[in-house]
Amino acid sequence: MKKPHAQPPETHTGIKIGKPATKAVGAKGVTESLRQMNKYMNKVDALRITSKLNQKGGIDCPGCAWPDPDDERSKLGEYCENGIKAIAEEATKKSIGEKFFRRNSVQEMSEWSDFKIGKQGRLTEPMFLREGAQYYEAISWNDAFQLIGNELNKLNSPDEAIFYTSGRTSNEAAFLYQLFVREYGTNNLPDCSNMCHESSGKGLSQTVGIGKGSVTLTDLYEAEIIIVMGQNPGTNHPRMLSALERCKENGGKIISINPIPEAGLINFVNPQRPLKMLGGGTALTDLFLQVRANGDVALLKAIMLLLFITEETNPGTVFDEKFIQEKTIGYGELIEDLQKYSLDELAEESGVSLKKIYEAAAMIQHKSKIIICWAMGITQHENGVDNVREIVNLLLLKGSIGKRGAGTCPVRGHSNVQGDRTMGIWEAPPQRLLDSIEKTFGFKPPQAHGYAVVDAIKAMHEGKGKVFFAMGGNFLSATPDTELTAEALRRCDLTVHVSTKLNRSHLVHGKQALILPCLARTDIDEQAEGEQFVSVENSMGVVHSSKGVLTPISDKLLSEPAIVARLAKATLPDSKVDWEKMTANYDHIRDAIEQVIPGFDNYNERVREPGGFYLPNGARKGTFKTKSGKAHFTINKMTQHNLQQGEYLMITNRSHDQYNTTIYGLDDRYRGIYNERRVVMMHPDDMKTEGLKAKDIVDLTSHFNGKMRTAKQFIVVPYDVAQGCVVTYFPEANVLVPLEQQAHTSKTPASKSVKIRIAKC
Ligand SMILES: Nc1nc2c(c(=O)[nH]1)N[C@H]1C(S)=C(S)[C@@H](COP(=O)(O)OP(=O)(O)OC[C@H]3O[C@@H](n4cnc5c(=O)[nH]c(N)nc54)[C@H](O)[C@@H]3O)O[C@H]1N2
Ligand SMILES: Nc1nc2c(c(=O)[nH]1)N[C@H]1C(S)=C(S)[C@@H](COP(=O)(O)OP(=O)(O)OC[C@H]3O[C@@H](n4cnc5c(=O)[nH]c(N)nc54)[C@H](O)[C@@H]3O)O[C@H]1N2
Ligand SMILES: [Mo]
């Protein structure tokens with residue numbers, strides 16, 4: 001029998017190649033976002049939403065986790081082009097229910113593109129796929145919960161169930177979810193952060209004692225130098241560009257480090273400031289270092305070595321000796337190790353010329369208010385954790401942490417991915433969390449650690465994971481090694497997805513499958529004791545409320561907290577938790593959070609204050625909660641890739657028209673690539689070496705531990721990519737990312753440095 005397709009079709013959509021943009025946003029961005037909104041939403045809803053978006057007491061944008069200003073918020077609307085696309089996608093008036101699923105078999109839908117799948121509309125009622133069936137059918141909520149409860153209770157051990165979370169889930173839903181999962185008896189709580197900023201969490205915890213960034217938005221305004229590494233804020237965190245602009249206006253300088261020059265980092269035209277717009281915007285980047293994929297450790301070492309040489313000549317003028325002495329350990333070892341490298345070899349491995357590295361060191365050497373921002377270009381490598389630790393080394397040498405205008409800034413992805421982890425969505429929970437749950441609720445949570453994402457895939461593949469439950473997300477398409485993950489999901493007895501929109505994970509399923517439709521961020525959430533709001537934590541540790549304003553598209557939707565509560569009741573008849581009370585009024589959930597999670601004193605009161613409140617953060621204050629009580633310098637090896645002739649390092653990036661696996665459109669405007677996603681961007685000289693011309697069609701193969709993986713029919717696009725590297729889009733190229741190629745310690749798939757070969761078709 002044919003199996004539903006795990007990958008989007010290999011067909012092409014009619015590529016147009018233009019010139020990459022040299023500016024981000026501007027009038028075009030604003031028009032584009034309004035066009036999107038008008039296409040999918042009615043005007044009244046659109047206005048109602050935009051006036052509330054990211055305003056104090058309003059709706060938290062479901063797009064990225066970038067913080068809102070603490071003080072004045074823009075009257076013109078505190079949102080961006082891509083936030084509007086996220087809203088339009090979620091608040092669409094199109095919907096799908098039983099009729100739709102009766103018309104379209106799982107097999108047929110799997111032949112559609114991800115773009116088409118996403119555009120079908122909001123899910124409106126619970127759907128069930130029986131064993132062997134081709135069509136989903138409607139099922140009542142009660143029957144759905146009963147079915148899941150029965151399957152869970154049938155397992156030989158709770159550890160045969162896996163509970164995934166994607167980072168849009170609110171604090172309230174996340175807390176209840178982990179509470180249910182732990183009372184049921186497992187710590188199998190993999191989440192999207194395993195594929196995202198886990199390397200940051202690990203690297204930062206080891207070195208500065210907290211797995212979160214240390215800066216606030218005001219620090220960015222006040223910094224003398226901001227280094228933006230491995231991040232494309234113009235597309236993925238557009239509102240960050242306003243913060244970078246303010247830094248520049250205050251005299252700060254920006255260094256960007258990336259294998260490709262990203263438009264948003266070059267020049268920014270702020271749509272909120274019409275006068276500036278006329279003047280052509282702000283040139284953001286002062287120095288661009290075109291590093292090779294995963295050449296960052298070498299580059300940072302080269303910069304640190306140059307700083308050390310200047311420090312030796314003029315002691316006390318470059319490094320912050322007092323800070324190093326009082327607040328850190330491991331300085332001597334770091335310097336000893338640095339001196340083993342030559343500048344030439346470091347420059348060679350980084351792919352950046354020595355001249356540029358000298359320029360970078362010169363910009364940094366006499367500054368102390370330095371912030372380093374980073375995202376997936378740093379974390380998604382085998383040495384992702386080392387990358388983060390090397391960033392910390394540089395900041396520690398300069399004393400640039402724990403004071404105003406300086407620090408670490410891992411820029412988070414999903415709008416509540418940081419909050420979910422704070423709430424205990426963690427396969428490796430700290431003991432104090434487990435103890436605290438036991439004390440508050442009177443049951444003993446399981447002590448053994450559970451599966452992270454890659455382990456969960458392996459477990460399902462080996463038949464050890466039998467029920468897969470996802471609170472949001474699109475596990476199949478977001479994870480590495482698409483075909484292997486598909487096989488893993490197919491081997492499950494039951495797969496369940498709590499979702500807002502249809503996605504490929506509903507189509508590549510276990511023996512039985514359920515889709516449970518839920519309320520989204522923008523929807524009004526009415527419970528027994530009235531309308532509820534939820535809360536989220538942004539990238540800088542601010543917890544604040546979010547309240548939807550739209551009438552839900554169907555009266556059969558449940559909120560995520562209600563889904564967890566009813567699932568818990570169906571599964572755990574003797575539960576120690578009063579689930580009904582918790583969902584009647586989310587204040588009760590917040591009261592429980594206050595008891596279990598540190599930093600949430602007077603949660604209900606403080607979350608109602610306009611703008612919310614900051615969680616405690618030791619590193620921000622220069623207190624390092626490591627074992628030694630000091631910040632740690634670490635020794636990280638320089639990565640060497642030793643590419644053979646014909647081998648390239650593939651980076652999988654997001655286009656300007658997608659939200660992870662949700663495809664808003666087929667254009668990547670800033671990169672000048674239109675109407676096609678199956679592309680491979682390549683340096684023109686590398687194309688010449690391979691005998692390729694623009695628009696040639698190629699197959700890509702990755703090679704890891706003797707296993708070959710293939711992605712067919714990609715179109716070659718000449719692009720200014722660092723030589724030896726190529727860029728494709730996620731999720732189309734995920735089939736090439738080997739499951740076993742993961743970051744040491746954090747287990748994050750190495751989606752930004754996959755060794756591939758390219759063959760003309
Ligand atoms: N509109 C929109 N917003 C989003 C998302 C979205 O899909 N769409 N996704 C959200 C999520 S979950 C996340 S995690 C974030 C992701 O935000 P980003 O991390 O900005 O997303 P990517 O597209 O993965 O971009 C990675 C960047 O790192 C660069 N890079 C790749 N390899 C290297 C390297 O080895 N070294 C260096 N220095 N740079 C490298 C790439 O060229 C690219 O510019 O965005 C969030 N916001
Ligand atoms: N090759 C490669 N792979 C990657 C990455 C990469 O850069 N390269 N990035 C990784 C990263 S950083 C991340 S975070 C993951 C993302 O992985 P996921 O978080 O699993 O994927 P998303 O595409 O964000 O999930 C989209 C789905 O979430 C559902 N959804 C949306 N809003 C809600 C909501 O409010 N509630 C519920 N219950 N469901 C909702 C919708 O049904 C939608 O189809 O992908 C990772 N995979
Ligand atoms: Mo992410």
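How many nonpolar, polar and charged residues does the lining of the largest pocket have? By class there are 13 nonpolar, 15 polar and 8 charged, where Ala, Val, Leu, Ile, Met, Phe, Trp, Tyr, Cys and Pro count as nonpolar, Asp, Glu, Lys and Arg as charged, and the others, Gly among them, as polar.

Welcome to this predicted model, in which local features need pLDDT of at least 70, side-chain atom pairs count only at pLDDT 80 or more, and totals for chains, interfaces and linings use all residues. Residues are numbered from 1 along each chain as its sequence is written, chains are lettered from A and ligands numbered from 1 in the order in which they are written, and side-chain values use heavy atoms, leaving out hydrogens and water.

Let us turn to ligand 1. Among the 31 residues around ligand 1 (those with a heavy atom within 4 Å of it), E262, N294, D296, Q658 and N660 come nearest. This shell divides into 11 nonpolar, 16 polar and 4 charged residues.

| Residue | Distance from its backbone N or O atom to an oxygen atom of ligand 1 |
|---|---|
| G230 | 3.3 Å |
| N294 | 2.6 Å |
| N660 | 2.7 Å |

The protein covers 99% of the 920 Å² of accessible area that ligand 1 has on its own (Shrake-Rupley method, 1.4 Å probe).

Key: Polar contact = N/O pair within 3.5 Å; in protein donor to acceptor, adjacent residues only side chain to side chain.
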